[in-house]
Number of protein chains: 4
Amino acid sequence: MLSTPPERTERTPPTSGLDYDVGSSKAAARIRDAACEVFAAKGYGAATTREIAAELGMSPGAVYPHYKTKEALLFAIAIEGHRNVLDVISAARDGAATPTEQLRATTIAFVRWHADRRAIARVIQHELRSLSDDHFALVADVRRATTAVFDDILAAGVAAGAFAPDDAPTATLALTSLGIDVTRWFPTKQHSDADALAQQYADIVLRIAGAR
Amino acid sequence: MLSTPPERTERTPPTSGLDYDVGSSKAAARIRDAACEVFAAKGYGAATTREIAAELGMSPGAVYPHYKTKEALLFAIAIEGHRNVLDVISAARDGAATPTEQLRATTIAFVRWHADRRAIARVIQHELRSLSDDHFALVADVRRATTAVFDDILAAGVAAGAFAPDDAPTATLALTSLGIDVTRWFPTKQHSDADALAQQYADIVLRIAGAR
Amino acid sequence: MLSTPPERTERTPPTSGLDYDVGSSKAAARIRDAACEVFAAKGYGAATTREIAAELGMSPGAVYPHYKTKEALLFAIAIEGHRNVLDVISAARDGAATPTEQLRATTIAFVRWHADRRAIARVIQHELRSLSDDHFALVADVRRATTAVFDDILAAGVAAGAFAPDDAPTATLALTSLGIDVTRWFPTKQHSDADALAQQYADIVLRIAGAR
Amino acid sequence: MLSTPPERTERTPPTSGLDYDVGSSKAAARIRDAACEVFAAKGYGAATTREIAAELGMSPGAVYPHYKTKEALLFAIAIEGHRNVLDVISAARDGAATPTEQLRATTIAFVRWHADRRAIARVIQHELRSLSDDHFALVADVRRATTAVFDDILAAGVAAGAFAPDDAPTATLALTSLGIDVTRWFPTKQHSDADALAQQYADIVLRIAGAR
DNA sequence: GATGAATGAGACTTCATTCAT
DNA sequence: AATGAATGAAGTCTCATTCAT
């Protein structure tokens, strides 16, 4: 290929949350990162576009060639974050052989992601109510795919006799909930090592699953 | 006494979060409730005092005789909510004899509180960053007392040989985290019965604790 | 009547342009007048709410308790202006006996209104494209009623043998057009006396009508 | 000639409105046309350079090599439009022999121009207030020349005993006013044929002039 | 000449809060 | 206590224009 065509926000028609151009220019990415920090720190509603621009040394209007509205920024962040989570846990699953190993690996990946990438994690777990209905639906697609990964591992483990949860869907709920809530409190004096936390939480999750 | 003097926020000097006048007049309580709904629905930052007043059929200025600022309202809600949680789980603990029964009872109470009183739960679990430092400190007092209840039960159970968690503080963290995160998602199609959910979560928590 | 209830903008449901509460408080009227001047001087699109407020020594936000949007202000002005024109020419017609006298009297009233009340005249004749569709429709109701007054007088004159226009509807068009265009140019060095102009234009209109 | 040097606005020093380079490149002409449409549709104040560029499939900056400012564009349009009117009615006059025929011919040309070239007509009749003082003065030169054409015809007709207006300058005013106002309303359901309208208006104008 | 990101100003509007009534 | 107009600050977003590419 001789030249890459310039990328534009919103070029792809909004049909699936799994592929969607989120703004691939360098400037767009910087804006997304800055917005992420501010949204995480104050909440979407209290965050201001001025502050996002200021964080980058830009003027308030400079965001708008890249993202048409504040909500479009939130959406870009949300979609990217959700896809990243899905990629990370899918990779973790694919690197493990048995359901037990898969459950451990995916839990570790999930918890670590929420501990390491706190800003984006907070945004995608707590600011989705500010999305438009259409954008929310696209994000929900990706969320469902993520949940399905855990559901499938648990089901496989149950079928193989490796797991014995009281109720499998509730186990999925509990384990994702544990991981998600990490964004609210991590780090504390007691838990500031993401790796260690992920290991401990994986043990807890195996208990919840009733792993032998 | 012929008339009760009007109640004001900030009358009590802010020394302990455990006793604090939060606005005891009927109007103050109505305002608190309305604010709670709005804060929960949109987040503190995006909520407007006008909307709170409108919800009550009041004019925008009518909130101010009762609460001097929007933040004072948040604080009143936060303190009241935290004290209520503490009361509820303390009562649950006092009604049970063994650590195992206590852990089950307090977990059920904790989960139910977050499922039943969703609006206030959401506010006290996700909007505290908007408190002033002083107010936050007062709220943190009560939070610590709540955590201590679970810590003590787990410690007693371990001492009695009833529990065998991998790590007791992490078990407390996980169980409170599970309860708190209920405010984010409850209800769903799968879980819309707070009672049933509380029972299932109690079973999970006993697994986490390694109850015999 | 013991007390007048407070008036609100937009209270009346928007069903007919002929009755419509346009903001009857004193402050609303002052804002309308100031807006009128600014809209006339710069055009609606180039006029700023800041400038309107500044003209009254108010802060920019002070307009909004009275008019929810800049367009609402334009609508209030437009409706009021159109109703005023209709009232003025209706009164002129009612004060005259024969079609000839009526045509002279209404023309004089129409021309004088556009010359005397230049600011509002300019707004209602040249800024209507900025109205919302709904608001435009309400204004159009009143415009039609105004045109009908002239149409009826001409028809009556023709029936009575007093007028002999080439084409009656075109005569109405021409005479209203002459009056309306006064807002564009009046005053000039040559024509700065509204009364004199109105008399001269009435003579011209009688020629157009082919009055005997 | 190998290459034409690029044309620039403002090359000619602004001394007379009657000769003035208005941007003679093809691109400049296309921009002028697009701007004309947008200015006519929304008013100069509400029109945006972006929209003008978009109408041509150009980027926002692409206008500036051709016209240094938005106001320069307005001026180019205004001058060109005024000169075109003058040319058109001068030609009409020159093609007719008697004052009566001349008055009829120029009126028809004037009315038709305003009906046919509605966009530019609207701009030159209603957006001049947005010109700089210098530019306005240049435009005014051309306007005066146009008025003089009608004044001269009327004067000649009066001298020849062909016309008997109440007041000749007022007749000029009325007839130009009728023509100009066509830009505001044409077309309507009743009048959508520019030719027919021009004929009817010419008859009216002859009545105003008191033509025998 | 054209592009499109960026600027600096400023647009409309909303908001927490105050205060005369 | 309540009202609601008013304030001053600020919010999101747009605009004419510039400039590196």
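By what turn and what shift along the axis can chain B be laid on chain A? I began my notebook with this, keeping in mind that the model is predicted. The superposition takes a turn of 180° and a shift of 0.0 Å along the axis, and it leaves an RMSD of 0.1 Å. That is the relation of a two-fold axis. I then looked for the residue of chain B that comes closest to the rotation axis, and found G45(B), whose C-alpha lies at 2.6 Å. The same surface serves both copies, since 100% of the contact residues of chain B recur in chain A.

**Entry on chains A and B**

I looked up how many residues take part, and the contact joins 36 residues of chain B to 36 residues of chain A. The area buried between these chains is about 2,700 Å², and carbon and sulfur atoms give 51% of this area. On the side of chain B, the residues that lose the most area to chain A are R129(B), R184(B) and R207(B), which together make up 24% of what that side buries.

I noted four salt bridges between chain B and chain A. I looked up the one in which the side chain of R129(A) meets that of E127(B), with 3.8 Å from N to O.

Which helices of chain B supply at least two residues each to the side that touches chain A? I wrote down α1 (26–42), α5 (118–126), α7 (168–185) and α8 (194–209). The largest share comes from α7(B), with ten residues. Sorted by kind, the residues on this side of chain B are 15 nonpolar, ten polar and eleven charged.

**Entry on chains C and D**

I repeated the search for the other two chains. Chain D is superposed on chain C by a rotation of 180° with 0.0 Å of shift along its axis, at an RMSD of 0.1 Å. Here G45(D) is the residue of chain D that comes closest to the rotation axis, at 2.5 Å for its C-alpha. Because 100% of the interface residues of chain D are also interface residues in chain C, the copies meet through the same surface.

The contact takes 36 residues from each of chain D and chain C, and the area buried between them is about 2,700 Å², with 51% from carbon and sulfur atoms. R129(D), R184(D) and R207(D) supply 24% of the area that chain D buries against chain C, more than any other three residues. I found four salt bridges across this interface, and in one entry the side chains of R129(C) and E127(D) meet at 3.8 Å, N to O.

**Entry on chains that stay apart**

I also checked two other pairings. Chain B and chain C have no contact, and their closest C-alpha atoms lie 12 Å apart. Chain A and chain D do not touch either, with their nearest C-alpha atoms 12 Å apart.

Notes. Residues numbered from 1 in each chain as written. Chains lettered and ligands numbered in written order. Predicted model: local features only at pLDDT ≥ 70, side-chain atom pairs only at ≥ 80, totals over all residues. Heavy atoms only, no water. Contact = heavy atoms within 4.5 Å. Buried area = accessible area lost by both parts, 1.4 Å probe. Helix = DSSP H or I, 4+ residues; strand = E, 2+ residues; numbered from the N terminus. Nonpolar A, V, L, I, M, F, W, Y, C, P; charged D, E, K, R; others polar. Least-squares fit on C-alpha atoms with pLDDT ≥ 70 in both.
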